[in-house]
Amino acid sequence: MQEGAVLEMRGICKYFPGVRALQDVDFTLREGEIHALMGENGAGKSTLIKVLTGVYPKDGGEVRIKGVEGAAVIRSPQDAQNAGISTVYQEITLCPNLTVAENMYIGRTKGAGANWKAMNSGAGKILKSLGIPAGPRQQLGSCSIAVQQMVAIARAVDMECKVLILDEPTSSLDEQEVVKLFGLMRDLRAKGVGIIFVTHFLEQVYEVCDRITVLRDGQLVGEYIIEDLPRVQLVSKMLGKELDDMADIKSEMGGAGAGDTGTPVLEAQGLCSNAGIKPFNFSIRRGEVNGFTGLLGSGRSECVRAIFGADHVTGGSVKMDGKEVKIKKPLDAMKQGIGYLPEDRKGDGIVGDLSVRENIILALQVMKGFFRPFSKAQAEAFADEYIKLLEIKTASADTPIKSLSGGNQQKCILARWLLTDPKYLILDEPTRGIDIGTKIEIQKLVLKLAAEGKSVTFISSEIDEMLRTCSRLIVMRDRKAVGELKGADLTQTKIMATIAGGDEA
């Protein structure tokens, strides 16, 4: 092992049926280091962590841990724990109905034979040493989420971990709680603990980390000392767009509609939600295609969910065609002529056991009311029209939608919303996970809808795709809007610089 290293992963490979999740990935963690593991959705971060913690068996490579003779054999999370690897997940995995001390020692005592006095005393000492504002006899559920995260970390540290993995630990914390957590992380670093920090927040990476490892498409892009990697360079490496290849894309499809100059179809002022989105302003005009861009976790999806009422709106106002309206739930939005294709088509979009026809007519049926069902002839006519229009490949309209390919499922959800004849359509990652031919078809359809006067908000992880379809982009970073780009500023270079915060170092 390298001098000072507490963990080395070499040539790690992991395959799933038809998918290369990791290919020859190397990763090194040093003692007393906070090391960010960065990459976009699908880059391989979670898979690498699961291989390290024994959730997945690796298909190649080796893991070496300081103090373990030879290559470490990690077949289960218990093996990882025994080797000194502890993980604190984004979702708290402790028991809120138990005390802080019980959570710290759960699974490490002999049940009824536990020495409660010693347990509370031991928990109190480590809580005090780490500066955690909680008492050992306090019920965990009465603590804030931040303190619960810290208790989970305290449990890991008390188990004498060499490697501490923090998986999105700040996603549900406010600014003051993040400050406390970072203080604890720095204390642990000073004690020699190696910390792997997984996050989507660029600001936090540059505030607390020493090194960065970037993954993309299951492969290692590189390992960098934090001072040697400017933010804009980090963004380019995560997205796979080098700065010397940033020419604006000339679309074969004739560009995107900028919309008319009349009253906005929708205008939001100071909109925010319980998903942690900072108040933002937004508008879209008739015939316009605009979009939200930013790294995964930046808040782009949460913004459109607030507009559609899919998340609980906690502030702000919305106007449709100049008149203020209340959108507290998706049905309110639908009645205002808003359609929404969600990012997670399997979780929030399709109803897998229903037929293609039933999925297509679902939104229109909701608006009409389930006690006033369409006749079979009407339903068949609606489905057949859009199966033909969008060239949905299905054996019949009666085929369960779960049997279709991802691209054809996506077309069915598009058909669902087009059937409602929306004046404003929100498409969140409409081309994710589908083949290039279908992607181009959907992009052309978006521009065609705009030409027909519909307003479309388009979100994609692929900047090329955003530039081909959108005439204006709202740039998101750390759950707040940090810029708006249009015209000559609508280039990959400008987008990435704005995502990175405009910092050159």
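This is a predicted model: local features need pLDDT of at least 70, side-chain atom pairs count only at pLDDT 80 or more; totals for chains, interfaces and linings use all residues.
## Length of helix 4

Helix 4 comprises 14 residues, numbered 116-129.

Five residues of helix 4 are buried: Met-119, Asn-120, Ala-123, Ile-126 and Leu-127. When the helix is viewed down its axis, these buried residues fall within an arc of 135 degrees, and therefore they line one face of helix 4. The buried residues pack against two other elements, namely helix 3 (100-105) and helix 5 (145-158).

On the face turned away from the buried side, helix 4 carries the exposed residues Lys-117, Lys-125 and Lys-128.

## The ends of helix 4

At the start of helix 4, Asn-115 directs a side-chain oxygen to within 3.3 Å of the backbone nitrogen of Lys-117. Lys-117 is also one of the exposed residues named above.

Just after helix 4 comes Gly-131, whose phi angle is positive, at about 70 degrees.

## Arg-231 in helix 8

Which helix contains Arg-231? This residue belongs to helix 8, which covers residues 231-239. Is Arg-231 buried or exposed? Its relative accessible area is 14%; because a residue under 20% counts as buried, Arg-231 is classed as buried.

The side chain of Arg-231 also has a polar partner: it makes a polar contact, at 2.9 Å, with the side chain of Glu-203.

Key
Residues are numbered from 1 along each chain as its sequence is written. Side-chain values use heavy atoms; hydrogens and water are left out. Helices (H or I, at least four residues) and strands (E, at least two) are DSSP runs, numbered from the N terminus. The expected span of a helix is 1.5 Å times one less than its number of residues. Buried means under 20% relative accessible area, exposed over 50%, partly exposed in between (1.4 Å probe, protein chains only). The arc is that of the directions from the helix axis to the C-beta atoms. Contact means heavy atoms within 4.5 Å. A polar contact is a pair of N or O atoms within 3.5 Å; within protein, one must be able to donate a hydrogen and the other to accept it, and residues adjacent in sequence count only if both atoms are side-chain atoms.
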